[in-house]
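Let's go through some labels given to this model and ask what stands behind each one. Here is the structure.

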Amino acid sequence: MKSGLVVLLGRPNVGKSTLLNEFLHEDISIVTPKAQTTRDQIRGIVNEARGQIVFIDTPGVHKAKEGGINEYMLQEVKRALDGPDLILYMIDPFSHVRAETLMLEYLKKASSKLMVVINKCDAMRTKPEVFTWIAPWVETLKEGLEGTQCKFLKVSEISAMKKKGVKDLLNEIFEEMPEGPPLYDDVDSLTDKPVKFVVAEMIRKQLFMKLGDEIPYSCAVEIEAFKEKQKPVLIQAMIYVERDSQKGMVIGAGGKKIKDIGTAARAEVEKLLGEKVFLELRVKVLDAWTSEMNKMKTLGYSLDHRKKGKS
Ligand SMILES: Nc1nc2c(ncn2[C@@H]2O[C@H](COP(=O)(O)OP(=O)(O)OP(=O)(O)O)[C@@H](O)[C@H]2O)c(=O)[nH]1
Ligand SMILES: [Mg+2]
């Protein structure tokens, strides 16, 4: 039996979470049109007769200020890169070489096999002339990785959204996996994350979908009650924002915005749980939580290597 750990790595918005969901045939990791949606590493487990692959979705690699939520996101990326069998380095053809150079620093420190996956190939066909930067970048990447522990294998072109090339890619990944016992015994589990986490993420997704450009980055969601025995299932969640003005925007005039967010999130949660849900959302201000480590920690975003109390 094959068994291995595969990291989905790349800049924000390249389609890492979309591909994870495609491999799993289930929406476990949230996807939005906005960059920096994913904040935590999320494992997705593919069980087949030929073996088990554990995929790790990661936040998008970007330059981050120290000590805040963005540093936490990069910590999650670095943690994921500690010893996988294979890295899928995903490229969005609408990126450009200047943005991608940052990725080489991460790859140089890795000791895994590497596949470059060019995603969004459906879009590439419309304007092929725009994407001429990719081939030279792959050559630079190969040169840059010479003599390192990161072993370049190949380049694949896919469209995660249109499901093009995903099956072939999965076959190629299985080929590269070592023989071994599965990492997770429970073959029915799709993820290592508790259902509460996935529910909180589904609410966070709707904050990204229904609010302006900036506010979603100031939002966190905590599930305060999850009563599965009650019918419909009762879920109470708190949405944390950073400022009073943001609280008003999340609630909206006459509570319309939060109602919208709740309705859309409830539909996804009901699909996930397969039963009716009563979802109650509230909003609270936790002043400047994205830049204060103690507050981040209370929301589950803990910067491990720093001393508690240092903000
Ligand atoms: N055209 C096209 N769009 C895609 C494809 N795959 C993903 N997208 C879109 O790209 C956007 C970002 O997708 P995500 O899966 O959230 O990207 P991500 O890499 O996880 O982003 P972060 O979590 O922010 O790092 C969404 O609007 C997706 O629908 C694709 O194959 N083709
Ligand atoms: Mg993502």
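Q: Before the labels on residues, what do the words buried, exposed and helix mean here?
A: Buried means under 20% relative accessible area, exposed over 50%, and partly exposed in between (1.4 Å probe, protein chains only). Helices (H or I, at least four residues) and strands (E, at least two) are DSSP runs, numbered from the N terminus. This is a predicted model, where local features need pLDDT of at least 70, side-chain atom pairs count only at pLDDT 80 or more, and totals for chains, interfaces and linings use all residues. Residues are numbered from 1 along each chain as its sequence is written, chains are lettered from A and ligands numbered from 1 in the order in which they are written, and side-chain values use heavy atoms, leaving out hydrogens and water.

Q: What makes H2 mostly covered?
A: In helix H2, 9 of the 12 residues are buried, among them Ile69, Tyr72, Leu74 and Ala80. They pack against strands E1 and E3 and helices H3 and H10, where contact means heavy atoms within 4.5 Å.

Q: Which residues coordinate the magnesium ion (ligand 2)?
A: Ser17 (OG) and Thr38 (OG1) do, at 2.0 to 2.1 Å; donors are N, O and S atoms within 2.8 Å of the metal (3.2 Å for Na, K and Ca), and water is not among the atoms, so sites may look incomplete. Ser17 lies in helix H1 and Thr38 in the loop between H1 and strand E2, 21 residues apart.
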